[in-house]
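These are my notebook entries on a single structure. I set down what I looked up, topic by topic.

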Amino acid sequence: MSEQQDLSIPPSESPSSDDLPEGWLRVGALDMDAQGIARRPDGKVVFIEGALPFEIVSVNVHRKKNNWEQGVVTDIHHESSQRVRPGCPNFGLHKGACGGCKMQHLEASAQVAIKQRVLEDNLWHLGKVKPETMLRPIEGPTWGYRFRARMSVRYVLKKGEVLIGFHERKSRYIADMKICPILPPHVSRMLMPLRALIAQMEARETLPQIELACGDSVTALVLRHLEPLSDGDKQLLRAFAAEHGVQWWLQPKGPDTVHLLDEGGAQLAYSLPDFGVHMPFKPTDFTQVNPYINRVLVSRALRLLGAQKTDRVIDWFCGLGNFTLPIATQAGEVLGIEGAEALVARSRQNLSHNQALRAGQGPLAPTTFVARNLFEMTPAMLVADGVADKWLVDPPREGAFALAKALAELHENHELRQGWTPPQRIVYVSCNPATLARDAGLLVHRAGYRCVAAGVINMFAHTAHVESMAVFELA
């Protein structure tokens with residue numbers, strides 16, 4: 001556990017006296033798990049679930065170590081003005097509470113302020129990097145935004161009912177969710193009908209999971225089943241699809257076995273209107289959870305990248321081409337590199353699809369996609385990919401350490417370059433501030449870059465997840 005400061009709530013809101021009754025604690029910050037952080041008079045740190053900065057609380061401690069304790073708030077003696085009523089009945093500290101969200105009790109703008117401070121603290125403490133400019137946070141709808149979700153399913157024999165949803169807080173049990181306000185409204189309304197559907201199926205005891213993937217006009221549900229489905233069960237699925245306007249996909253084994261229940265129908269896809277790009281995808285492909293934020297994210301990333309018709313751009317960890325194809329509307333040449341062969345094949349299909357859509361608008365720039373293990377990058381591999389004026393980097397939680405390290409080694413050893421030159425600008429999109437900070441430290445202190453800007457993206461409202469973006473320019 002690590003301690004980190006939060007300045008989103010002014011200290012003046014808390015009582016000035018430090019003479020608190022015995023056992024009361026003054027909360028000074030939130031950690032990355034949205035737990036309040038307080039100190040006892042002897043300096044021992046206490047992590048408190050349900051407490052907010054500058055509140056005065058009592059706590060029930062359930063875990064003790066030499067230099068820290070962990071517990072749950074029991075009483076709030078001085079409440080933060082930023083505390084709000086949660087928008088979901090499943091949220092809270094009560095028995096059976098859903099563990100999907102952690103910050104619904106905190107006003108939405110304060111959540112963003114805390115995430116911004118988490119980003120700044122990570123960049124400084126882990127990478128010794130201070131951005132020259134902090135970007136305005138990217139925000140969007142805080143409810144009904146979650147177009148991707150993996151929901152657990154369990155038939156409870158003793159109760160004769162089905163549960164579908166996220167796990168309870170700190171538990172392997174599934175929360176008894178009747179609604180979920182972070183899901184699109186039509187999906188939230190579907191939870192109880194889904195429970196009734198599964199309860200009717202012969203295979204109800206061997207259906208562990210339903211994965212949700214919403215496109216612009218199609219709602220896909222992927223049903224994981226551990227045994228073949230009977231004709232009767234398939235008919236129940238078809239009737240449900242007709243009534244609720246969903247598209248069923250079946251997954252008998254691993255993700256590569258996912259297939260439509262019935263061929264035909266509309267295609268699952270999302271669009272990026274600012275660039276005239278249309279992105280078909282399969283429900284198990286990686287796409288951003290929040291389409292509202294994704295559109296703004298792509299537009300800002302490309303504005304910061306500033307690709308020109310004379311530029312060659314590399315999009316690292318390119319996935320389906322979420323950034324690559326928009327870049328191809330602006331740059332002179334684009335290379336997209338991704339670790340998974342299946343995603344590279346899909347990105348090539350999306351390139352062909354969008355080239356065809358652009359008849360009369362001017363073609364996309366010459367674009368190539370290749371598959372490569374980006375966690376094993378070397379300076380020689382980087383040189384072999386050729387000179388690029390600009391990079392877009394969008395790695396998974398593990399970050400882009402090997403890529404940043406190879407870039408640093410090329411900066412420190414000119415003999416390895418063989419005429420290769422580094423990119424003038426890098427836009428790095430991150431879903432983990434700790435690995436961003438680590439990689440930023442390499443880029444700034446060893447690879448010759450300045451961190452000219454950074455900011456947060458509130459992709460996952462009401463959760464402690466911090467998405468961010470940083471811009472680096474060659475010094």
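In which sense do strand β6 and strand β8 pair, and over how many bridges? I looked this up in the model, which is a predicted one. Strand β6 (residues 148–156) and strand β8 (residues 209–214) are antiparallel, with five bridges between them. Within this pair I noted alanine 149, whose bridge partner in β8 is leucine 212.

I recorded an open sheet of six strands with mixed pairing, in the order β7-β6-β8-β9-β10-β11. Its edge strands, each pairing on one side only, are β7 (161–165) and β11 (259–260).

Entry on the barrel. I then turned to five strands that close into a barrel; their order is β1-β2-β3-β5-β4, and the pairing is mixed. On average, neighbouring strands of this sheet are turned by 50 degrees against each other, direction ignored. Strand β2 (residues 36–39) and strand β3 (residues 45–49) run antiparallel and are joined by four bridges. I noted that alanine 38 has valine 46 as its bridge partner in β3.

Entry on two residues of β5. Is valine 72 buried or exposed? Valine 72 lies in strand β5 (residues 68–78). Its relative accessibility is 17%, and therefore valine 72 counts as buried, since the cut-off for buried is under 20%. Leaving aside neighbours within four places in sequence, I listed the contacts of valine 72 as Ile48, Glu49, Ser58, Val59, Asn60, His62 and Leu93. I also looked up the separation from glutamine 349: valine 72 is 277 residues from it in sequence and 51 Å from it in space, C-alpha to C-alpha.

Glutamine 70 is also placed in strand β5. Glutamine 70 counts as buried because its relative accessibility is 6%. Its side chain and that of glutamine 35 are joined by a polar contact of 2.7 Å.

Entry on β18. Five of the six residues of strand β18 (residues 425–430) are buried, so I recorded the strand as mostly covered. Strand β17 (residues 390–393) pairs with β18 in the parallel sense over four bridges, and tryptophan 391 stands opposite isoleucine 426 in β18. I traced the chain from β17 through helix α9 (residues 401–412) to β18 and found this β-α-β crossover to be right-handed. Strand β20 (residues 467–474) runs antiparallel to β18, with six bridges joining the two; here arginine 425 stands opposite glutamate 473.

Entry on helix α5. Helix α5 (residues 291–305) has 15 residues and reaches 21 Å from its first C-alpha to its last, close to the 21 Å expected at 1.5 Å a residue. At its start, I noted a side-chain oxygen of asparagine 290 within 3.2 Å of the backbone nitrogen of tyrosine 292. The buried residues of α5 include Pro291, Ile293, Asn294, Leu297 and Arg300. After α5 comes glycine 306, with a positive phi near 60 degrees.

Note on methods
Residues are numbered from 1 along each chain as its sequence is written. This is a predicted model: local features need pLDDT of at least 70, side-chain atom pairs count only at pLDDT 80 or more; totals for chains, interfaces and linings use all residues. Side-chain values use heavy atoms; hydrogens and water are left out. The expected span of a helix is 1.5 Å times one less than its number of residues. Buried means under 20% relative accessible area, exposed over 50%, partly exposed in between (1.4 Å probe, protein chains only). A polar contact is a pair of N or O atoms within 3.5 Å; within protein, one must be able to donate a hydrogen and the other to accept it, and residues adjacent in sequence count only if both atoms are side-chain atoms. Two strands pair if DSSP finds at least two bridges between them. Contact means heavy atoms within 4.5 Å. A crossover is right-handed if, with the strands pointing away from the viewer, the path from the first strand over the helix to the second runs clockwise. Axes are lines fitted to C-alpha atoms, for helices over the stretch in contact, and angles run from 0 to 180 degrees between N-to-C directions.
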